[in-house]
Amino acid sequence: MNSIINGPQAFNFSNLPSSWQARQKVAWEKYQKISMPHRKDEDWRFANIQSIQLNSYQYGTATSESEKEEILKQSQVPFPTAARLVFSNDERVACDLTNSDLKKKGVIITTLLEAVKNHSSLIENYFLKQRVALGSEKFTALHETFCRSGSVIYVPAGVEVQQPIVIFQWLSGKNQSVFPHTIVVTEANSKVTVLEICQSTEELPGFVCSYNDLVAKEGSHLTYVCAQRWSEKVLAFHMGATTVERDAYAKTLMVNFGTAFSRNENRSRLTAPGAQSEMLAMSLAHENQEFDQRTLQDHLAPNAWSDLLYKNSLNHGAKSIFQGLIRVEPGAKQTDAYQTNRNLLLSGEAEADSMPGLEILNDDVKCSHGATTGQVEEELLFYMQARGIPENQAKHLLVVGFLEEVVARLNEPEIASYLHTLIEEKFERSEKIVWQKKAVSNSPASKTEVDVKALQGAV
Amino acid sequence: MSEKPVLEIERETGNFHYPERHQYDAGIGLDEQTIHYICDVKKDPEWVRDFRLKALQTFQSKPLPTHWASHDLDNIHFEKIRYYLAAGQQPKRSWEEVPDDIKKTFERLGIPEKERKFLAGVEAQFDSEAAYSNVKEELAKEGVIFVGSTEGLHKHPEIFRKWFGKVIPTGDNKFSALNSAVFSGGSFIYVPPGVKVKHPLQAYFRINAENFGQFERTLIIADEGAEVTYMEGCTAPKFETATLHSAVVELVALRGAKIQYITVQNWSSNVFNLVTKRALAQEEAEVKWIDCNIGSRLTMKYPGVVLKGRKARGEVLSIALASDGQHQDTGAKMIHGADETTSNIISKSISIGTGRASYRGLVYIPQHLKGCKNNTECDALLINTESRTDTYPAIVVRGQGNSVQHEASVSKVSAEQIFYMQQRGLSEAQAMSLSVNGFVNDLVNQFPLEYSVELKRLIDLEMEGSVG
């Protein structure tokens with residue numbers, strides 16, 4: 001089997017339209033021209049670049065029928081849905097429209113390939129039209145090279161989709177890779193909630209390079225939740241661009257449970273007055289998992305509001321990186337923008353790196369950011385232990401409480417309840433882990449080395 | 001604004017210069033010959049010559065930090081700069097002995113007057129070398145050394161060499177390498193164990209020559225339990241061409257010592273002010289940087305403290321005022337290197353007209369530490385629609401029981417507040433000035449009285465005509 005680093009010519013894309021194949025070739029050329037990220041790149045500061053090795057990942061292994069059956073059985077959520085789309089290794093397994101009224105109202109819920117054939121204007125207008133560009137341009141080109149699967153959701157003006165649309169992305173087999181793409185467009189005064197659940201069939205290595213294009217048009221309401229619980233051996237890139245137009249409201253939530261290393265890039269563009277964007281994320285990490293999160297709240301128009309809340313709970317030797325930026329363009333007066341990153345360290349080996357940023361080019365604004373990193377408070381633990389709650393259980397409750405702020409902000413009770421289940425599952429996994437500490441030298445020599453390294457670089 | 005200024009102060013205080021009569025001039029540009037020339041003139045020992053030559057290689061091999069910094073750095077023409085200019089004088093101990101031109105320069109700036117009033121000692125640097133250096137007799141008797149760095153290196157090599165270049169390695173960045181290659185002037189201070197210098201020591205840095213680069217090197221050592229406050233002020237006249245100021249300042253606070261380092265930088269608007277400042281704090285020592293940046297075209301300065309000993313404490317309080325065409329790229333670094341170390345950063349910036357103020361910071365707590373704390377607060381005030389402010393902190397936290405918090409906010413002067421004050425008879429400019437002074441008030445109050453008054457007046461001046 002060929003590696004993805006051999007490019008699209010090594011794979012059989014003959015079932016795709018010729019224009020799509022041409023696009024893939026151009027993207028591949030672009031990919032080859034962009035150099036691999038370097039630790040000295042500001043956008044990759046603190047990231048474990050060495051873990052990004054693509055040689056072993058393959059593409060396009062079909063899922064067997066029996067596996068598909070099993071996947072369909074597993075692709076369930078405990079609440080009613082408007083539609084369900086299921087993919088395995090970038091192949092469509094199911095696309096069920098539960099509510100047939102939606103079709104009558106003009107709602108389009110389909111796969112990317114179907115949209116290429118039947119709704120070409122949607123692809124032309126929205127596919128990769130907005131770039132995230134927060135450091136992963138090379139991987140955006142790689143995504144475009146291999147992308148042939150994903151979901152397209154289009155809600156016409158004035159239509160409200162009452163129940164969530166759920167998308168399942170599965171990674172099946174060893175060293176497989178997927179490049180799913182999601183497009184969600186809400187026309188004027190419409191409303192939709194989309195939940196994407198990403199998981200692996202087995203605890204095997206794999207590669208994910210996904211991209212979202214979300215567009216909330218005038219007065220519409222768009223909620224998008226991605227719960228990633230890929231195998232903890234997976235390397236993943238999740239990139240998302242959201243455009244929020246006049247008086248529209250977009251809310252995104254990125255939930256990080258799986259992967260060994262994942263890079264999340266999210267950009268929210270507020271393009272007209274009255275636009276509102278809420279960017280949420282929560283991570284529960286253990287062992288040596290690393291979550292690298294980069295965000296941009298891009299205020300291009302006046303009188304817009306954005307608020308970001310990213311919370312990370314880190315156990316064992318897990319690491320989180322948060323680099324966020326609020327950028328207010330010169331004309332974007334009366335901007336209200338806020339950004340909060342909170343990190344909870346559950347062990348001495350865990351690491352949180354935080355780089356909250358502001359670039360304000362207009363004086364008439366209210367902008368602030370805050371970042372905190374700390375441990376579980378000893379007094380709180382003592383209080384709970386004094387009331388008969390064992391230490392582990394107490395820590396568990398405190399972490400759930402810590403993350404609850406994010407879940408509550410989602411304001412979707414059924415999805416919130418589902419996320420609570422996933423949080424509990426992750427805790428169960430954590431509790432089973434016998435954590436092997438990495439060798440850490442505390443010799444004076446190594447301390448000096450650390451200091452000098454930290455000191456170098458800037459004036 | 002046609003308003004009369006709020007306070008009658010000579011705006012052009014520092015904007016004058018005297019004809020150059022330099023006996024020593026290393027010429028234009030930098031190569032090994034320049035280094036040898038400086039070493040010969042200054043009668044440097046061989047180890048210093050080697051140190052400078054190695055630093056020159058480092059400087060030549062290091063790229064400019066343009067991947068994150070302002071591209072204005074590209075406008076520095078290193079080949080057009082004069083790296084050493086001196087009249088050939090030894091620093092004078094008595095004010096009467098100082099050459100007239102130099103004396104007049106510092107008298108116009110009020111330096112000897114300040115010394116008489118409340119300072120414990122003064123050093124005044126004119127271009128590359130100290131022109132005047134004096135410490136009050138009673139302090140000298142207690143063993144306090146306060147001289148120029150050249151004198152320190154010759155007369156007190158046993159203390160100087162032990163710490164020189166140890167807090168800031170030559171290769172730390174391109175400008176520390178440049179300074180290490182061509183350094184001249186600056187202060188050397190040693191405070192013996194237990195000696196508490198009650199009044200501040202002051203140095204004044206003056207650039208008089210065009211196309212000149214000033215590269216002073218300051219080393220302050222407070223021995224165990226000692227205390228010292230040091231203040232520096234900087235000015236230059238406004239020339240047609242850009243001028244470079246690239247200092248290296250190293251502070252060493254040994255066990256239980258306290259150092260307070262105050263800077264009021266008011267370089268003219270064509271000076272590139274690229275300075276590396278860092279302190280080493282041993283067990284229970286305390287270092288406080290008070291940093292006030294008003295002048296210059298581009299300032300890049302991030303004072304730092306390496307908290308090397310248990311319970312050491314570091315603090316950076318900074319105010320930046322970025323007026324039209326200025327970029328104040330300032331911040332702080334706190335490198336925690338021992339348990340229970342604490343640090344505090346408070347940064348306030350004001351951007352006026354097309355001015356840009358940036359905060360860039362680093363808080364670093366590695367894994368082997370416990371019980372460390374940091375608090376960072378950055379507030380920015382924007383005065384005009386074209387003003388700009390940025391905040392780029394980096395926070396790395398590991399270890400047991402460590403906690404860090406960072407907060408930043410950006411706002412404008414409240415229209416209601418201005419209206420309220422105008423209703424009570426203040427002009428718009430006065431109201432604005434009062435608001436801005438209120439914004440920085442809690443920080444300015446921590447300055448010695450004379451400086452806080454001066455700073456408030458400077459803010460008033462900068463606010464003139466900035467409204468509307």
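Is Asp390(B) buried or exposed? Asp390(B) counts as buried because its relative accessibility is 1%, buried being under 20% relative accessible area, exposed over 50% and partly exposed in between (1.4 Å probe, protein chains only). The model is predicted, so that local features need pLDDT of at least 70 and side-chain atom pairs count only at pLDDT 80 or more, while totals for chains, interfaces and linings use all residues. Residues are numbered from 1 along each chain as its sequence is written, chains are lettered from A in the order in which they are written, and side-chain values use heavy atoms, without hydrogens and water.

A salt bridge was taken as a side-chain nitrogen of Lys or Arg within 4 Å of a carboxyl oxygen of Asp or Glu. Over all chains, 46 salt bridges were counted.

Asp390(B) forms a salt bridge with Arg356(B), at 2.6 Å from N to O. This pair links distant parts of the chain, with Arg356(B) in strand 21 (residues 356-365) of chain B and Asp390(B) in strand 23 of chain B, 34 residues apart; strands are DSSP runs (E, at least two residues), numbered from the N terminus. Arg356(B) has a relative accessible area of 21% and is therefore partly exposed. Both residues belong to a network of salt bridges that also includes Arg327(A), Glu329(A), Glu359(A) and Arg388(B).

Arg398(B) lies in the loop between strand 23 (388-397) and strand 24 (403-412) of chain B, and Glu351(A) in strand 20 (residues 351-360) of chain A. Arg398(B) and Glu351(A) are buried.

Note on methods:
Helices (H or I, at least four residues) and strands (E, at least two) are DSSP runs, numbered from the N terminus.
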